[in-house]
Amino acid sequence: MAGGLHPYLQSKVQQWAAASGGCFQVQVGKEPTFIPWDEISRNSNLYNKVKWARPKLRSRAVEKVFRSYDCDVSLLLDCCRQSIYFYGLEEMIKCIQAISADQESHVERVVNRLHHDYDSTTTAGYRNIALNLVLRTPDTVLLGLDGHVCEVQLILVSFAEIKSDQGHARYVTWRDQRAA
């Protein structure tokens, strides 16, 4: 199901990024950079270098259901996911407003890891806002994908810049040691 929903979510995050000044991660040279969608959409070379999130691997989904959700598959909400990056909170707020105003998106849950009360030790210091939402477009309804919850992560570039592939590998090791 996540694979079928993937192109619809990718299209939506592009719309929301356009409405808010949101950016996507682009691999240019050795270091990733964060470029506004407005600029990417006008440059096919940049578009082809966007690092889009892929649907969660089946093996990781099964692992997560067993480790984190006591075999309750209904709690697995991030098989289809994308991220939008922002240089400031103002743009992030505009994006949340664009998502909320979109008649085809229905937010089911918000996890605000930027809130001052959030215990970042539970995510190894990682912070973002994760929106779990359902897309109800004519196509997703027709295809039976409108019941699948997907995830959109809204991330400040300042946090993303310190996250590296090596850092993510360390996070995976930490997560696996916690059996989360």
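**Contacts, burial and strand pairing in the predicted chain**

Apart from neighbours within four places in sequence, Q10 is in contact with Y47, W52 and Q82, where contact means heavy atoms within 4.5 Å. The structure is a predicted model, in which local features need pLDDT of at least 70 and side-chain atom pairs count only at pLDDT 80 or more, while totals for chains, interfaces and linings use all residues. Residues are numbered from 1 along each chain as its sequence is written, and side-chain values use heavy atoms, with hydrogens and water left out.

Q10 belongs to helix α1, which covers residues 2–20. Its relative accessible area is 14%, and Q10 therefore counts as buried (under 20% relative accessible area; exposed is over 50% and partly exposed lies in between, with a 1.4 Å probe and protein chains only). Helix α1 also holds G3. With a relative accessible area of 48%, G3 is partly exposed.

The protein chain contains eight helices and six strands, assigned as DSSP runs and numbered from the N terminus (helices: H or I, at least four residues; strands: E, at least two). Their order from the N terminus is α-β-β-α-α-α-β-α-β-β-α-β-α-α. Of the 180 residues in the chain, 42% are buried. When contacts between residues at least 6 apart in sequence are considered, 63% of them join residues at least 24 apart.

Strand β1 (residues 23–27) and strand β2 (residues 32–36) run antiparallel and are joined by five bridges, pairing being assigned if DSSP finds at least two bridges between two strands. Q25 has F34 in β2 as its bridge partner. The two strands form a hairpin with four residues between them, and G29 in the turn has a positive phi of about 75°. C23 is buried, at 1% relative accessibility.

F34 is also one of the residues touched by A160, together with Y85 and I155, when residues up to four places away in sequence are not counted. A160 is located in helix α7 (residues 157–160) and is buried, with a relative accessible area of 9%. The C-alpha atoms of A160 and F86 are 9.5 Å apart, and the two residues are 74 apart in sequence.

Helix α5 consists of 13 residues (89–101) and spans 18 Å from its first C-alpha to its last, close to the expected 18 Å at 1.5 Å a residue; the expected span is 1.5 Å times one less than the number of residues. M92, C95, A98 and I99 are buried in α5. Viewed down the helix axis, the buried residues of α5 fall within an arc of 115° and so line one face, the arc being that of the directions from the helix axis to the C-beta atoms. The exposed residues E90, Q97, S100 and A101 are on the face turned away from the buried side of α5. C95 has a relative accessibility of 0%. No disulfides were found in a search of the whole structure, the criterion being a pair of cysteine sulfur atoms within 2.5 Å.
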